[in-house]
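Please keep the structure open alongside the text while reading.

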Amino acid sequence: MKRAAGFSLHLRLWLVIALMVVPVFLLTLSDYRHQREAAVAQLEHEVSSMLAAGRSEQRHMFDTVRVVLEIMARSDNLRSLDPEDCVGLSTRLMETVSEFVNIGAVHPGGTVFCSAVPTIRSVDVSDRAWFQQALLGHDVSAGDFVIGRFSGRPSLAFGYPLRDPAGTLRAVLYVSAGLGWFERLVAGIEAPEGWAVSLISRDGQVLSDYPNQMRWTGQTVPPEMLQRIERVLASGESVVEMVGLDGQMRVYGIDPVGISDGRIVKLVGAPLGRTLSKVDRAFQFRLALLIGILIVSALAARFYIYKLVEVWAVRLREAIDRIASGRLDTRIGEFSKASELARVEHGVNAMAAALERHEVELRRLSMAIEQSPECIVITDIEARIDYVNDAFVRTTGYTREEVIGQNPRILNRGKTPKEVYQDLWQTLERGEVWRGEFHNTRKDGSEYVELATIAPIKQSDGQVTHYVAVKEDITLRRRAEERLHHLAYYDTLTGLANRSLLRDRLGQAVLASARAQTYGMLLLVDIDRFKMLNDTRGHEAGDALLLETANRLRKSVRQEDTVARQGDDDFAVVIEDIGEDEAAAIAHAELIARKIHDDLGEPYDLGGEAGPHYATQSIGITLFSGPGAGVEVLLKQVEVALYQAKDDGRNAIRFYNPAMQAVVDARATMEHGLREALAHGGFQLYYQPQVDKDGQVVGAEALIRWIGVDGKMVSPAEFIPLAEETGLIVPIGQWVVDTACVQLRQWQDQPATRHLSIAVNVSARQFRQPDFVAQLGASIARHGIDASGLKLELTESVILGEVEDTIVRMNQIREMGIRFALDDFGTGYSSLSYLKRLPIDQLKIDQSFVRDMMSDVSSRAIVRAILAMSDSLAIQAIAEGVETASQRDVLAEHGCVFFQGYLYGRPTPMAEWLPQRSA
């Protein structure tokens, strides 16, 4: 291991000086920070006071607006909503309040019919925020910053609903107030020189600025400054340090203008640099004084150390260098006057004398090591080579000069497993001897195997100083052993495992399946009419077919699977971990067998002039799980399955268990039926109504149904998983979307049903198709529907697969107007941190909670929690599976307003659904 270098005298000197100076520096810095904080706190107090004055001015202006609007509302001139009377009243009120830019009234439809500022054109203000807020309210709306469409001046617009005694809206009165109140605010504050007062909108527009009114009005706030303001407002703070519009650092007070509902922000900034300049100058003076003391102390100590120690150290180092170069007769004659240093010099002389004695002994040992027939390598504790003998040079081809100072890894080209080196160092670090093998490479590139014994060399105190390795070249021995092993366990023609190795691997797979509680499979392939090929085209063609079949089998399975040659034209494949239950294992085994069958069914180029050869294969399969069946039993079972495949006409796949074969046949029949239904209109959409708390239908969920050729309905629980597995779910899902869009088009063409929506379930595989968003857009455009009537129901498995990509895709779909519902909410493991980021419009409470909540306290608590969470996140909640009135009442009691279930209707075709629900 590498030793840590010691500290030099210079470094020790500076450490001592630092120990003396650092506390003083820290005290100085603490005092500076205290003074600075006090100055900043005073500025913050002054800024807070000015913010309070500003709020008072805002309240005064808003009270003036309220008074004017209430005067108009109670005036007789507005009883008939006569424009001339209204204009006269507005003009007179404008003359009393100089700050107002305009006063008038608007019809409920948004058309201005009264304005104190003359206009020659009709103006519609229905898009203004103040107008929309006044339509829904009963009091003065929040201020809305606008550029007047009559006056052309910036102002804060306020709306006020004028209603008759029955509450019916007759008109909306409005007042546009200029920014004169802000100028009074600045004048009232009497800001000192260098202070800045600004008024900005939340989108970054500078509305007014003091003292740079002409420079900044109409400009925008830099993005980084606007982001800082938003963070401050979000945190609830009101005072912060930041760079202002003119680039100066200030202490800013930030206050949303309450009368604008927070859409305008007022900034009052005090210059920070001028306040802190005196504090900074005092700190700089004390810091300079401290640095001067440090320099003078270091110079004085440096002179003393040089005179006492460094001259002596140079002389001692020169003597040690001569000893290190081999001049062991070197001695130090003139000793230092310092007793401690003189003892070091005596020690060096004693060391030189001892080294002379040890050199004689080392020469004798060196001769024995040099003449050893085995490779001997000595390294230091960092594995750098210090010594190699002649046998090492002869074996590796490297000279001593090439390897001294190198790591023995120069012989390693990656052939030796990493685990060997890990075990080597773990053993040596425990102080023990390690024995093992290395697969090394000589200088000329040839490879060889070494049997090595490596031991640590220890001092008397147990400290390891070196490692010694004794190595023997055992390449020829290992090659002989490998040849014997290959002949015993591998087929000589194909290089595949033979029968013996197959039985061993199959036995290991059976034990592994028992431990993991999973299924494995044994597959036997027989080349049909192989003897005929040998008889007609010769054994060379037969061998070529066997070799190509072996290559294709290797490529068709995983690297860890076992492929073996069982007989002359029989091949066996052992595959582990194909499923945890029998149904899944059967399905997986069938897919693997079909892939192998298809790969082997391609034409073969066997050479010669006969052209490509077409061979067929019969395949038998048996499954295993645990030690229930031994190796011999499994081999007999797979042979029975193979004979069955041949009896059925060859070129077939058969399972040993007839029940398994029946499952495979049933799956194949269903898959064919799905394709036929998709091609010839065998699917139908059923619709289950969704209602609000008053029982009024607000939409429906589209549910796919498959009517088989026998006229019986096939359960979605049976064919949907198969459609997912085979990929048919993608075209089926697109059919559902298109069919729902056709129904939406019909509904949206009728006023009575225009408000209805349709929810469509989307699978994970369909959602992750690269062109899914484009297909949705094409469907909407093709059918000409309002996309807000279409709602996609996603499960947690769809959303949580790749969350970031899912969010991007959902936002793209949301931009079209399509809405989202999260289906079966509460049954999975979705994260609330993701839920708040997703553009979800509706949560569907799973029917299992609705069914059990009347008898299970936990289910009722979960339902309450989901409803409370949806309310706090502003997401609709709909309960599915509502079958009884008591369930509906409990859900409604806890705030649920949308329902779906048998209580309101079963899924039915649209021909039966529409006459009952359209009203």
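## Overall make-up

Among the contacts in the protein chain that link residues at least 6 apart in sequence, 59% join residues at least 24 apart. The model is a predicted one, and its protein chain of 919 residues has 45% of them buried. The chain contains 29 helices and 30 strands, and its accessible surface comes to about 48,400 Å², with 54% of that area belonging to carbon and sulfur atoms.

## The sheet with β1 to β5

Five strands, in the order β2-β1-β5-β4-β3, form an open sheet with antiparallel pairing. Its edge strands are β2 and β3 (144-147), each of which pairs on one side only, and neighbouring strands are turned by 35° against each other on average when direction is ignored. Strand β1 (residues 100-106) and β2 run antiparallel and are joined by three bridges, with V106 standing opposite V112 in β2.

Two helices can be described together with this sheet. Helix α2 packs on the sheet and touches β1 and β2, its direction making about 155° with that of β1. Helix α3 (residues 129-136) lies across β1, β3, β4 (154-163) and β5 (169-177), and runs at about 20° to β4.

## The disulfide and other cysteines

A search of the whole structure finds one disulfide, which joins C86 to C114 with an S to S distance of 2.1 Å. Because C86 lies in helix α2 (residues 83-96) and C114 in strand β2 (residues 112-115), the pair ties together parts that are 28 residues apart in sequence. The torsion about the S-S bond of C86 and C114 is about -90°, and the disulfide is therefore left-handed. Both C86 and C114 are buried.

Further cysteines are also buried: C741 counts as such because its relative accessibility is 0%, and C896 because its relative accessibility is 2%.

## The sheet with β6 to β10

Another open sheet of five strands has the order β7-β6-β10-β9-β8, and its pairing is antiparallel. Strands β7 (206-210) and β8 (239-243) stand at the edges with a single partner strand each, so one side of each is left without a neighbour in the sheet. From one strand to the next, the twist averages 25°.

Within this sheet, strand β9 (residues 249-256) and strand β10 (residues 264-271) pair in the antiparallel sense over seven bridges, and the bridge partner of Y252 is G269 in β10. Helix α6 (residues 223-235) lies across β6 (196-201), β8, β9 and β10, running at about 170° to β8.

Strand β17 is joined to β18 by a hairpin through four residues, and β17 pairs with strand β18 (residues 570-575) in the antiparallel sense over four bridges.

In the loop between β18 and α16 (582-600) is D577, which has a positive phi of about 55° although it is not a glycine. Q517 also has a positive phi, near 55°, and is a residue other than glycine; Q517 is found in the loop between α13 (499-516) and β16 (520-527). With a relative accessible area of 62%, Q517 is exposed.

In soluble globular proteins, nonpolar side chains tend to be buried together. Here the largest nonpolar core has 73 residues, and those with the most contacts inside it are L674, L792, I813, I840 and L891. Helix α20 (residues 729-748) gives the most to this core, contributing nine residues. A second, separate core has 35 residues, including L156, A171, L199 and I264.

Which residues are in contact with I840, leaving aside its neighbours within four places in sequence? They are I799, M810, R814, F820, L822, L835 and I875.

How values were computed: Residues are numbered from 1 along each chain as its sequence is written. This is a predicted model: local features need pLDDT of at least 70, side-chain atom pairs count only at pLDDT 80 or more; totals for chains, interfaces and linings use all residues. Side-chain values use heavy atoms; hydrogens and water are left out. A nonpolar core is a set of buried Ala, Val, Leu, Ile, Met, Phe, Trp, Tyr and Cys residues joined through side-chain atoms within 4.5 Å. Buried means under 20% relative accessible area, exposed over 50%, partly exposed in between (1.4 Å probe, protein chains only). Contact means heavy atoms within 4.5 Å. Two strands pair if DSSP finds at least two bridges between them. Axes are lines fitted to C-alpha atoms, for helices over the stretch in contact, and angles run from 0 to 180 degrees between N-to-C directions. A disulfide is a pair of cysteine sulfur atoms within 2.5 Å. Accessible areas come from the Shrake-Rupley method with a 1.4 Å probe; for residues, only the protein chains shown count as cover.
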